[in-house]
Amino acid sequence: MKKLVRDLLRSNWFQRAVGSLAAGFLLLVWRTNRFSFDPIDVYEIVEPQMPAIFAFWHGQHFMTPFVKTKDTHRVKVLISRHRDGEYNALAAERLGIGTIRGSGDHGSAFHRKGGVGAFKEMARALEQGYNVALTADVPKRARVAGLGIIMLARQSGRPIMPFAMVTSRYRRLNNWDRTTINLPFGRGALVGGEIIMVPPDADAEQMEELRARLEATLNDATTRAYAQVGRPEGTPHG
């Protein structure tokens, strides 16, 4: 029985079916939540600096495909090679977002989980004019920013755009990254944080300072986003 279930979960048709359903549900969430933007002219601020590196916390990834609001916004998102990542990748692609598969952040150990190839592909995508979206967390340590995204910004010369995207109605899972399942028929908020540039000659001390600034900026953006939808973090879900 376990083998049957495992084979089902790994089957191409099942993964595509789940990916399509997930994309349809997320589209419903996007269309039925009334979103606000902070700052209100966030796209006027960001667009002249594209291509950029969009950074967000792990567990808040389901609404990120909708950061792309125009056909001219070319975006690729980094998604884990894990089986759960396959569903996320298929859903993102159905929503018009390109995908890069591999590890998000292991500091200098990019050889793990396909990290070296993913890092090169992200750098190449930025060179080709694509925005790249990825989580800032160290794996299995929620809301602790790693150095990988800082290294990408240093090598590519592109700005980091931290943001939080939340809805007033959600369910939060009791897992390591506190995955948030956004729900339809509520309010939403997209809050941008301080734009971070990493000098090409940044040394270890400066990179650590920028890593800490990114972490603080993402936490602040998340707090402000939930406040804007009237749901301070920690309140009962609904």
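**Helix packing, sheet and cavities in a predicted model**

Reader: At what angle do H6 and H7 pack, and how far apart are their axes?

Author: In this predicted model, H6 and H7 pack at an angle of about 115 degrees, and their axes are 9 Å apart. The crossing of these two helices is right-handed.

Reader: How do you know that H6 meets H7, and which residues are involved?

Author: Contact requires heavy atoms within 4.5 Å. On the H6 side the residues are Ile149, Ile150, Met151 and Arg154, and they meet Met207, Leu210, Arg211 and Leu214 in H7. Divided by class, the residues of this contact are 6 nonpolar, no polar and 2 charged.

Reader: In what order do the strands of the open sheet stand?

Author: The order of the 7 strands is S1-S11-S8-S2-S5-S3-S4, with mixed pairing.

Reader: Why are S1 and S4 said to stand at the edges?

Author: Strand S1 (34-38) and strand S4 (98-101) each have a single partner strand, so one side of each lacks a neighbour in the sheet. On average, neighbouring strands of the sheet are turned by 25 degrees against each other, direction ignored.

Reader: What makes S2 and S5 a pair?

Author: The criterion is at least two bridges between the strands. Strand S2 (residues 53-56) and strand S5 (residues 131-135) are joined by 4 bridges, therefore they count as a pair, and they run parallel. Within S5, Thr135 stands opposite Phe56.

Reader: What lines the largest cavity?

Author: The largest cavity holds about 80 Å³ of space. Its lining consists of Phe54, Thr64, Pro65, Val67, Lys68, Val75, Val77, Ile97, Ala133 and Phe163. By class, that lining has 8 nonpolar, 1 polar and 1 charged residues.

Reader: What lines the second largest cavity?

Author: About 30 Å³ of space lies in the second largest cavity. Tyr43, Met50, Phe54, Val67, Lys68, His73, Val75 and Asn131 line the second largest cavity. The classes there are 5 nonpolar, 2 polar and 1 charged.

Reader: What is the volume of the second largest pocket, and which elements line it?

Author: The second largest pocket has a volume of about 180 Å³. Among its 14 lining residues, Val42, Val46, Met161, Pro162 and Gly192 are the closest to its centre. Helix H3 (42-46), strand S8 (160-167) and strand S11 (187-192) are the elements that give two or more residues to the lining. H3 supplies the largest share, 4 residues.

Reader: How does the lining of the second largest pocket divide by class?

Author: The lining of the second largest pocket has 12 nonpolar, 2 polar and no charged residues.

Technical notes: Residues numbered from 1 in each chain as written. Predicted model: local features only at pLDDT ≥ 70, side-chain atom pairs only at ≥ 80, totals over all residues. Heavy atoms only, no water. 1 Å grid on protein atoms, 1.4 Å probe; cavity = no way out; pocket = protein on both sides within 12 Å on 5 of 7 lines; lining within 4 Å. Points joined across faces, edges and corners; volume = space filled by probe spheres on them. Nonpolar A, V, L, I, M, F, W, Y, C, P; charged D, E, K, R; others polar. Axes fitted to C-alpha atoms, helices over the stretch in contact; angles between N-to-C directions. Left-handed = near helix turned anticlockwise from the far one by under 90°.
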